[in-house]
Amino acid sequence: MKAEFKLAAASANIRKDALDDAFILVDKSGINVDEDGNVIGVKEAIEALIAAKPYLVDVPAPTKPRTIGEPSNPAVDERKTLEAQLEDAKKRKDFGKVVELSNKLNALK
């Protein structure tokens with residue numbers, strides 16, 4: 001019964017470090033073994049446990065979808081690009097652009 005519970009609990013995203021605790025906490029009164037040796041009621045018991053103790057579930061952090069062609073480290077790349085544009089604006093003595101790019105660089109810090 002414990003092996004069946006652990007298998008079902010892992011597929012329900014219960015944290016690996018909490019599987020033993022979850023087995024202790026789960027209400028086992030609804031879990032039975034039929035004549036063929038099949039464990040019945042594990043899914044329902046796990047659902048009730050998750051409803052009562054949601055902290056046992058491992059919730060992956062949401063990730064922002066990546067756009068094709070998006071740089072892997074945009075903050076560093078953006079800074080380098082702005083710095084290069086700033087140097088170019090200084091060489092051209094385009095003071096309006098120098099101020100604009102300096103402000104953008106300061107905002108990234």
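Start by selecting Phe 5, Ala 9, Ile 14, Ala 22, Ile 46, Leu 49 and Leu 56: of the 14 residues in the largest nonpolar core, these touch the most other members. Here a nonpolar core is a set of buried Ala, Val, Leu, Ile, Met, Phe, Trp, Tyr and Cys residues joined through side-chain atoms within 4.5 Å, and buried means under 20% relative accessible area (1.4 Å probe, protein chains only). Now colour H1, H2 and helix H3 (42-52), the elements that give two or more residues to this core. H3 gives the most, with four residues. Helices are DSSP runs of H or I, at least four residues long, numbered from the N terminus.

A word on what you are viewing: this is a predicted model, where local features need pLDDT of at least 70 and side-chain atom pairs count only at pLDDT 80 or more, while totals for chains, interfaces and linings use all residues. Residues are numbered from 1 along each chain as its sequence is written, and side-chain values use heavy atoms, leaving out hydrogens and water.

Next, centre on Phe 5. Leaving aside neighbours within four places in sequence, Phe 5 is in contact (heavy atoms within 4.5 Å) with Leu 19, Ala 22, Phe 23, Val 26, Val 42, Ile 46 and Leu 49.

Two loop stops remain. Most residues other than glycine have a negative phi. Asn 13, in the loop between helix H1 (2-11) and helix H2 (19-25), has a positive phi near 70 degrees. Lys 93, in the loop between helix H4 (74-92) and helix H5 (95-108), has a positive phi near 60 degrees. Lys 93 is exposed (over 50%), with a relative accessible area of 60%.
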